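Please look through the model below with a few questions in mind.

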Amino acid sequence: MATITDRQINAKPDIKDRWLNETVVRGHGVLVARITPTGQRKFYFRYTDSQGKRDRMPIGDYSREETPGCMTLIQARLKAKELAGLHQSGITNLREHLEAEEQHRQAREEAERIRLERENQL
């Protein structure tokens, strides 16, 4: 099993995209790092959805150090492991699942905001 390293991610960009892969849970997902010709470095989680189609979901931009809005290689591995666990648990369309979770989270926040507004009006 190949392991992605910080050294590989920080290598000088090529004239075309370079893709690095690391199996997270065999049969349930792969952590992918993409290095673009312009030097951008991004993480993706690749898995096979319920229709047998490969899906590559962006999970974050790379930074060697902890930086707001970016993730380290260790953080990307943890996120990929979390997503692989969801897939392994039977969730075959992660994109739909995560979008639904986000909608529920936003609805809960909106309900809480309305509740606090009503409390403050009393």
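A residue is called buried when its relative accessible area is under 20%, and exposed when that area is over 50%. The model discussed here is a predicted one.

Q: Is His87 buried or exposed, judged by its relative accessibility?
A: His87 lies in helix H2, and its relative accessibility is 10%. Buried means under 20%, so His87 counts as buried.

Q: What distance separates the end C-alpha atoms of helix H2?
A: Helix H2 takes in residues 73–88, which makes 16 residues, and at 1.5 Å a residue these should span 22 Å. The distance between the end C-alpha atoms agrees with this expectation, being 22 Å.

Q: How wide is the arc that the buried residues of H2 cover around the axis?
A: In H2 the buried residues are Leu73, Ala76, Ala80, Leu83, Ala84 and His87. They lie on the same side of the helix, because the arc they cover around the axis is only 105°.

Q: Which residues are exposed on the other side of H2?
A: The buried residues of H2 pack against helix H1, strands S2, S3, S4 and S5, and helix H3. On the other side of H2 there are exposed residues, and these are Ile74, Leu78 and Lys81.

Q: What distance separates the end C-alpha atoms of helix H3?
A: Helix H3 runs over residues 94–121, and its 28 residues, at 1.5 Å a residue, should span 40 Å.

Q: How far apart are the C-alpha atoms of Leu94 and Thr48?
A: Leu94 has its place in helix H3, and with a relative accessibility of 0% it counts as buried. Its contacts, leaving out residues up to four places away in sequence, include Phe45, Tyr47 and His87. Along the chain Leu94 and Thr48 are 46 residues apart, while the separation of their C-alpha atoms is 9.6 Å.

Q: Which strands hold Phe43 and Tyr62?
A: The count of aromatic pairs comes to three. Phe43 and Tyr62 form one of them, an edge-to-face pair with 5.8 Å from centre to centre and 75° between the planes. This pair ties together parts that are 19 residues apart in sequence, because Phe43 lies in strand S3 and Tyr62 in strand S4.

Q: What kind of pair do the rings of Phe45 and Tyr47 form?
A: Phe45 and Tyr47 are both buried, and their ring centres are 6.0 Å apart. Planes under 30 degrees apart count as stacked, and since the planes of Phe45 and Tyr47 are at 20°, the pair is stacked.

Q: What is the relative accessible area of Asp55?
A: Asp55 is found in strand S4, and leaving aside its neighbours within four places in sequence, Asp55 is in contact with Phe45, Arg46, Tyr47 and Arg95. Asp55 is buried, with a relative accessible area of 11%.

Definitions and conventions: Residues numbered from 1 in each chain as written. Predicted model: local features only at pLDDT ≥ 70, side-chain atom pairs only at ≥ 80, totals over all residues. Heavy atoms only, no water. Helix = DSSP H or I, 4+ residues; strand = E, 2+ residues; numbered from the N terminus. Expected span 1.5 Å × (residues − 1). Buried < 20%, exposed > 50% of the residue type's maximum accessible area, 1.4 Å probe, protein only. Arc of directions from axis to C-beta. Contact = heavy atoms within 4.5 Å. Phe/Tyr/Trp six-rings, centres within 6.5 Å; stacked < 30°, edge-to-face > 60°.
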